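Q: I have a new model open on my screen. Can you take me through how to read it?

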Amino acid sequence: MERIICFCKGVSESEIESAVSQGAKNLKDIQLATSAFTGNTCAELNPKGVCCSEDIIELLKLNNKLERNCCCGK
Ligand code: FES
């Protein structure tokens, strides 16, 4: 069974991984590619009661693709 990462938008782990394999490197890229991390009913829909951002970041880390976008440029 498909693991859902973003419950607000119904985005699965494989959809996130597909976006990563096509070049997504940060949350913004994942948003644009999949619409994950664009909902506002996380507390109601996500069983964890929080936004999916940490799970997306974990997937980026697992794939060694995480690119941080800090305001200081580092
Ligand atoms: S769980 Fe992804 S935006 Fe709410």
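Q: Where is Gly10 found?
A: Gly10 sits in the loop between β1 and β2 (11-12). Helices (H or I, at least four residues) and strands (E, at least two) are DSSP runs, numbered from the N terminus. Before going on, note that this is a predicted model: local features need pLDDT of at least 70, side-chain atom pairs count only at pLDDT 80 or more, and totals for chains, interfaces and linings use all residues. Residues are numbered from 1 along each chain as its sequence is written, and side-chain values use heavy atoms, with hydrogens and water left out.

Q: Is Gly10 buried, exposed or partly exposed?
A: Start with the cut-offs. Buried means under 20% relative accessible area, exposed over 50%, and partly exposed in between (1.4 Å probe, protein chains only). Gly10 has a relative accessible area of 41%, so it is partly exposed.

Q: Which residues does Gly10 touch, not counting those up to four places away in sequence?
A: Contact means heavy atoms within 4.5 Å. By that rule Gly10 touches Ile4 and Glu15. Thr41 is 31 residues from Gly10 along the chain, and their C-alpha atoms are separated by 12 Å.

Q: How many helices and strands are there in the protein chain?
A: The protein chain has 4 helices and 2 strands. Along the sequence the pattern is β-β-α-α-α-α.

Q: What does the radius of gyration say about the protein chain?
A: The radius is taken over C-alpha atoms, and the globule rule is 2.2 Å times the number of residues to the power 0.38. For 74 residues, a compact globule would come out near 11 Å; the protein chain has 12 Å, which agrees. Along its principal axes, the C-alpha trace spans about 35 × 25 × 20 Å. Of the 74 residues, 31% count as buried.

Q: Which residues have the most contacts inside the largest nonpolar core?
A: A nonpolar core is a set of buried Ala, Val, Leu, Ile, Met, Phe, Trp, Tyr and Cys residues joined through side-chain atoms within 4.5 Å. The largest one here has 15 residues, and Ile5, Cys6, Ile16, Ile30, Ala36 and Ile56 have the most contacts inside it. At least two residues of this core come from each of β1 (4-6), α1 (13-21) and α4 (53-62). Cys6 touches Val11, Ala36, Phe37 and Cys52, leaving out residues up to four places away in sequence.

Q: Which residues of helix α2 are buried?
A: In α2 (residues 27-34), the buried residues are Ile30, Gln31 and Thr34. Seen down the axis of α2, they fall within an arc of 105°, so they line one face of the helix. That arc is taken from the directions from the helix axis to the C-beta atoms. The general idea is simple. An α-helix has 3.6 residues a turn, so residues three or four places apart point the same way. On the other side of α2, Leu32 and Ala33 are exposed. The cover over the buried residues of α2 includes β2, α1 and α4.

Q: What caps the N-terminal end of α2?
A: Asn26 does: one of its side-chain oxygens lies 3.1 Å from the backbone nitrogen of Lys28. After α2 comes Ser35, with a positive phi, near 75°.

Q: Where does Asn46 lie?
A: Asn46 is in the loop between α3 (42-45) and α4. At 6% relative accessibility, Asn46 counts as buried. Its side chain reaches the backbone oxygen of Val50 at 2.8 Å. Beyond its neighbours within four places in sequence, Asn46 contacts Ile5, Phe7, Thr41, Cys51 and Cys52.

Q: How many salt bridges does the structure hold?
A: Side chains of opposite charge can pair when their charged atoms come close. A salt bridge is a side-chain nitrogen of Lys or Arg within 4 Å of a carboxyl oxygen of Asp or Glu. The structure holds 3. One joins Arg3 and Glu13 (3.6 Å, N to O). Arg3 lies in the segment before β1 and Glu13 in α1, so the pair ties together parts 10 residues apart in sequence.

Q: Which side chain does Asp55 meet in a salt bridge?
A: Asp55 meets Lys48 (2.7 Å, N to O). Asp55 is buried, with a relative accessible area of 15%, whereas Lys48 is exposed, at 53%.

Q: Where do Glu58 and Lys61 lie?
A: Both lie in helix α4, 3 residues apart, about one turn of the helix. Glu58 is partly exposed at 39%, and Lys61 is partly exposed at 40%.

How values were computed
Polar contact = N/O pair within 3.5 Å; in protein donor to acceptor, adjacent residues only side chain to side chain.
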